[in-house]
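Here is a friendly briefing to read alongside a protein structure. Keep the picture open and look up each residue as you meet its name.

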Amino acid sequence: MTQQSIHYGDEEINYQVTFLTSKTTKIAIHIHPNGVVQVDAPAGVELPKIKHAVQKRARWLLQNLTRIREAQAEVLPRQYISGESHFYLGKRYPLKVLDLTNSHRPTVKLLRGQLQVVTADRSTEKISQLLKDWYTSHAHQVFHRRLQAMAPGVLWLDESLPTIKLLTMKKQWGSCSPQGHILLNPHLVKAPRECIDYVIIHELCHLKEHNHSPEFYRLLSLQMPDWKQVKAKLDGMAELLLNY
């Protein structure tokens, strides 16, 4: 992945280039929700050709980037009220807050395309905590399920799988402890499955290589050949997923 830029009028447009190992022959330009411009190009294409392709789309890029910047300027802290959208496994679900009308405990359910919170206490703090607990519970289940699914293909793992622990982090999705535990951010469960897989595989590679050496990236590419595109996708969603 390499960082490049073009100029359109007085504006500088930065973009990151990802070279694909697949048989694609086209240069594709994407704008992530946080305004990151990603260009996917076939391996071997020279940067001037990629820059020319981006320059041809400069007006379109600037229009969309301006719209994103304006929307970001109006982003408000979450109020945890009906109508807000919340992510789970890469999809947006509208929040629906319902009154608790019986003696049962408060609940959070994904039901009929809505993330439904049933509670007598409709305060921001209470609904926020209920959702946090729900995400944490589902993160445990999803992360362990994905680890079990991928582990057989990881050559350096023995029969005993590493322990996954959850740790809320502001800027990181995961890390690996000196004791060999994998620490994952519970908010990662809001991301698409392939992004969850990427973070888990990334940390599994750190069990073998404890730094970001060429050998680490060789292992990562061996386990997930398209990891650069998946990482770019996750990076593009980070601001939305970590808005809590």
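The notes below go from the overall layout to single pairs of side chains.

This is a predicted model, in which local features need pLDDT of at least 70 and side-chain atom pairs count only at pLDDT 80 or more, while totals for chains, interfaces and linings use all residues. Residues are numbered from 1 along each chain as its sequence is written, and side-chain values use heavy atoms, with hydrogens and water left out.

**Overall layout**

- The protein chain has six helices and eleven strands; these are DSSP runs numbered from the N terminus, with helices being H or I of at least four residues and strands being E of at least two.
- Along the principal axes, the C-alpha atoms of the protein chain fill a box of roughly 65 × 50 × 30 Å.
- Of the 244 residues in the protein chain, 41% are buried. Buried means under 20% relative accessible area, exposed means over 50%, and partly exposed lies in between (1.4 Å probe, protein chains only).
- Take the contacts in the protein chain between residues at least 6 apart in sequence: 48% of them join residues at least 24 apart. A contact here means heavy atoms within 4.5 Å.

**Two domains**

- The domain assignment gives domain 1 (2-74) and domain 2 (84-242), with bounds that come from an automatic or database domain assignment.
- The C-alpha centres of domain 1 and domain 2 lie 28 Å apart.
- Ten residues of domain 1 are in contact with nine residues of domain 2.
- Between them, domain 1 and domain 2 bury about 720 Å², with 57% of it on carbon and sulfur atoms. Buried area is the accessible area (1.4 Å probe) that two parts lose on being put together, summed over both.
- H32, P33 and N34 supply 44% of the area that domain 1 buries against domain 2, more than any other three residues.

**A look at I6**

- You can find I6 in strand 1 (residues 2-8).
- I6 has a relative accessible area of 1%, so it counts as buried.
- Once neighbours within four places in sequence are left aside, I6 is in contact with E11, E12, I13, Y15, K51, V54, Q55 and A58.
- I6 and E194 are 188 residues apart in sequence, and their C-alpha atoms are 31 Å apart in space.

**Aromatic rings**

- A pair of aromatic rings is described by the distance of the centres and the angle of the planes.
- The structure holds five aromatic pairs. Rings of Phe, Tyr and Trp (its six-membered ring) pair if their centres lie within 6.5 Å; planes under 30 degrees apart count as stacked, over 60 as edge-to-face and the rest as tilted.
- Y198 and W227 are stacked, because their ring centres are 6.3 Å apart and their planes are at 5°.
- Y198 lies in helix 4 (residues 193-208) and W227 in helix 6 (residues 227-241), so this pair ties together parts that are 29 residues apart in sequence.
- Both Y198 and W227 are buried.
- Ring pairs link Y198, F216, Y217 and W227 into a cluster.

**Charges over rings**

- The charged end of R57 sits over the ring of W60, 4.3 Å from its centre. The rule asks for NZ of Lys or CZ of Arg within 6 Å of the ring centre and within 35 degrees of the ring normal.
- K190 lies over the face of Y135, at 4.9 Å from the ring centre.

**Salt bridges**

- Side chains of opposite charge can pair when their charged atoms come close.
- A search of the whole structure finds six salt bridges, each being a side-chain nitrogen of Lys or Arg within 4 Å of a carboxyl oxygen of Asp or Glu.
- R146 forms a salt bridge with D197, and their closest N and O atoms are 2.8 Å apart. This pair links distant parts of the chain, with R146 in helix 3 (residues 124-150) and D197 in helix 4, 51 residues apart.
- R146 is buried at a relative accessible area of 13%, and D197 is buried at 8%.
- E215 and R218 meet in a salt bridge (2.8 Å, N to O). Both lie in helix 5 (residues 214-223), three residues apart, about one turn of the helix.
- E215 is partly exposed, with a relative accessible area of 30%, and R218 is partly exposed at 45%.
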